[in-house]
Amino acid sequence: MTDVVSTDVVHLLLAVRKGKTLPPAYVDDRLVPLSIEEAYRIQDEVAQHLGPIVGWKVGAQTPSSEPFCAPIHASTLFSDGATVPHGLCRHLGVEAEIAYRFAQALPPRERDWTRDEVMDRIGTIHPVIEILDTRFETPGSQHKFLHTADQQSHGALIVGPGSAEWQKYNPVEEHVRLSINDETVVEHVGGNSAGDPLRLLVWLANHASRRNLGIDAGSIVTTGSTTGTIFVDHGARVSASFSDIGSVHTILA
């Protein structure tokens, strides 16, 4: 992909976000990033226009596959019990997730961050709800690199209370329940396709370091869906609860 075409994708995503153009149903093949690296470059450029980065989303299709990620900005981060404004998201794909907040920064550096170093910088573990959205007409309708460029389809993140005793929890053995309007729609143990989410944090620390972004102290990192994605209507009341980690609630106006 040429720099000119990359710029076209940046302009398209920003124009949709600003309401200057309608979300496209189809994107010309010439605009599709040719690699995940190109998708991240577009993601980085778009992120410069979205305000402060206060967290990240990271996930993986399998326990051994290469993870993928996107930054999360202050404008889409909410606390437990918050009402997500009606105009923020067009689509409301609800997921129950487990997140970690870093107490210490992981700045860019020459050598890789080790697992022990990354673990030492974790402050708390949290139950969260992520809302999936898209700057395209339909979620999941485009090439995966376009969705990566589009902030990995992030819409909003609602963060529940944290626990500093994060090491005593085993995320893959957590019993999770996702409820919509007080009705349980998903309930099981585990469910994250990435397996152990801690490996994702190590990958992310080095991804952000190589991109000269780093991870700031206080950043929240959500580690992928444990429930799959459930699309709901505006006005829905959503609750995600984990047997040991706790629960989080939101209303989607």
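This is a predicted model: local features need pLDDT of at least 70, side-chain atom pairs count only at pLDDT 80 or more; totals for chains, interfaces and linings use all residues.

**Exercise 1.** Find out whether Thr223 is buried or exposed, and what its side chain reaches.

*Solution.* Start by locating Thr223, which lies in strand 10 (residues 220-225). Next, check its relative accessible area, which is 1%. Buried means under 20%, so Thr223 counts as buried. Then follow the side chain of Thr223: it reaches the backbone oxygen of Ile98 at 2.6 Å. Finally, look at the surroundings: leaving aside neighbours within four places in sequence, the contacts of Thr223 include Val58, Tyr100, Leu200 and Leu201.

**Exercise 2.** Work out how the span of helix 5 compares with the expected one, and how many of its residues are buried.

*Solution.* Helix 5 covers residues 198-210, which makes 13 residues. From first C-alpha to last, helix 5 reaches 19 Å, close to the 18 Å expected at 1.5 Å a residue. Now turn to burial: eleven of the 13 residues are buried, so helix 5 is mostly covered. Among them are Leu200, Leu201 and Trp203. Just after the helix, Asn212 takes a positive phi of about 60°.

**Exercise 3.** Describe the aromatic pair that a search of the whole structure finds.

*Solution.* The search gives one pair. The ring centres of Tyr100 and Trp166 are 6.2 Å apart, and the planes stand at 90°, so the pair is edge-to-face. Tyr100 lies in strand 5 and Trp166 in the loop between strand 7 and strand 8, so the pair ties together parts 66 residues apart in sequence. Last, check burial: Tyr100 is buried at 1% relative accessibility, and Trp166 is buried at 8%.

Definitions and conventions: Residues are numbered from 1 along each chain as its sequence is written. Side-chain values use heavy atoms; hydrogens and water are left out. Helices (H or I, at least four residues) and strands (E, at least two) are DSSP runs, numbered from the N terminus. Buried means under 20% relative accessible area, exposed over 50%, partly exposed in between (1.4 Å probe, protein chains only). A polar contact is a pair of N or O atoms within 3.5 Å; within protein, one must be able to donate a hydrogen and the other to accept it, and residues adjacent in sequence count only if both atoms are side-chain atoms. Contact means heavy atoms within 4.5 Å. The expected span of a helix is 1.5 Å times one less than its number of residues. Rings of Phe, Tyr and Trp (its six-membered ring) pair if their centres lie within 6.5 Å; planes under 30 degrees apart count as stacked, over 60 as edge-to-face and the rest as tilted.
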